[in-house]
Amino acid sequence: MCEHTDVRVLVVDDHPVIRGGVELLAAEDPAITVVGGASTGHEAIKVAREVAADVILLDLRLPDMPAPELVTQLRRVAPRVKILLFTAFADHGAIDVLIEAGADGCLVKDITGGDFATAVRRVARGVRVVDPRLAGRHASATPELLFRVGLTKREYEVLRLAAMGHSNPEIADQLTLARNTVKTYLQTAMQKLNARNRVEAIAKAHELRLL
């Protein structure tokens, strides 16, 4: 995609004010057009199938689905679309996981109009863009954080892959583990996070900045 080709953007954020703000930022550049919006992960998947977007601007915190799982599903339904993450937290700990899941970059929400337009155009051309304030600060969970929470490295690895939308058999294949072993790691992770199921465990891991 060349620099001056129109870029069609789908905005996924549960706050109408943010979606409206993105439309204002996009309006500053005639080459960028907002072609749709969604307020939940499930709605985003539906709209991504229906709208011909070049870039999906995706909020990291949606009410119905963990961001890594949503990125994975969006990759399946719209494999050619670029996914640009949008976060209010410059120290968010999930960026590496999301990039691995298939995201193409990440911006902080207080970005200015000119920087926003440049980032969107670059991502649309296939260039990975990460806000400089996030550079070097988005590593996976540190050993100290895992120790504080009580998770082992293997429990964390299994939970991270689960958050990316992988099934137990897929996790077993990736980590070269027996399927029952994966199930055991997930169960112990759920117990340590005081979660009743894997969805709740993933949500709590997000709250703790593990994902």
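This is a predicted model: local features need pLDDT of at least 70, side-chain atom pairs count only at pLDDT 80 or more; totals for chains, interfaces and linings use all residues.

Me: OK, stepping back, how many helices and strands does the chain have?
Reply: There are 10 helices and 6 strands in the chain. Of its 211 residues, 50% count as buried, and among contacts between residues at least 6 apart in sequence, 66% join residues at least 24 apart.

Me: Which residues have the most contacts inside the largest nonpolar core?
Reply: Those are Leu 58, Leu 85 and Leu 210, in a core of 52 residues, and H7 supplies the largest share of this core with 6 residues. There is also a second, separate core of 20 residues, which includes Leu 25, Ala 26, Val 55 and Val 129. As a general point, nonpolar side chains in soluble globular proteins tend to be buried together.

Me: What is Leu 58 in contact with, leaving aside its neighbours within four places in sequence?
Reply: With those neighbours left out, the contacts of Leu 58 include Val 12, Leu 70, Val 71 and Leu 74, and also Ile 83, Leu 84, Leu 85 and Phe 86.

Me: What does UniProt list for Asp 59?
Reply: The UniProt record, an unreviewed entry, lists Asp 59 under "modified residue: 4-aspartylphosphate". In the model, Asp 59 sits in strand E3, residues 55–59, and it counts as buried at 6% relative accessibility. Leaving aside neighbours within four places in sequence, Asp 59 is in contact with Val 12, Asp 13, Asp 14, Phe 86 and Lys 109.

Me: Changing topic, how many aromatic pairs does a search of the whole structure find?
Reply: The search finds 1 aromatic pair. It is formed by Phe 86 and Phe 116, whose ring centres are 6.5 Å apart and whose planes meet at 55°, so the pair is tilted.

Me: Which parts does that pair tie together?
Reply: Phe 86 is in strand E4 (residues 82–87) and Phe 116 is in helix H5 (residues 113–124), so the pair links parts that are 30 residues apart in sequence. Phe 86 is buried at a relative accessible area of 3%, and Phe 116 also counts as buried, at 1%.

Me: How far apart are the end C-alpha atoms of H5?
Reply: They are 17 Å apart, which agrees with the 16 Å that its 12 residues should span at 1.5 Å a residue. The buried residues of H5 include Gly 113, Phe 116, Arg 121 and Ala 124, and just after H5, Gly 126 takes a positive phi of about 100°.

Me: Last one: where is His 166 found?
Reply: His 166 is in the loop between helix H7 (153–163) and helix H8 (168–175), and at 16% relative accessibility it counts as buried. Its side chain makes a polar contact of 3.4 Å with the side chain of Gln 174. Not counting residues up to four places away in sequence, His 166 touches Leu 161, Ile 171, Gln 174 and Arg 198.

How values were computed
Residues are numbered from 1 along each chain as its sequence is written. Side-chain values use heavy atoms; hydrogens and water are left out. Rings of Phe, Tyr and Trp (its six-membered ring) pair if their centres lie within 6.5 Å; planes under 30 degrees apart count as stacked, over 60 as edge-to-face and the rest as tilted. Helices (H or I, at least four residues) and strands (E, at least two) are DSSP runs, numbered from the N terminus. Buried means under 20% relative accessible area, exposed over 50%, partly exposed in between (1.4 Å probe, protein chains only). A polar contact is a pair of N or O atoms within 3.5 Å; within protein, one must be able to donate a hydrogen and the other to accept it, and residues adjacent in sequence count only if both atoms are side-chain atoms. Contact means heavy atoms within 4.5 Å. The expected span of a helix is 1.5 Å times one less than its number of residues. A nonpolar core is a set of buried Ala, Val, Leu, Ile, Met, Phe, Trp, Tyr and Cys residues joined through side-chain atoms within 4.5 Å. UniProt positions are given in the numbering used here, feature names are shortened, and annotations may be inferred rather than shown by experiment.
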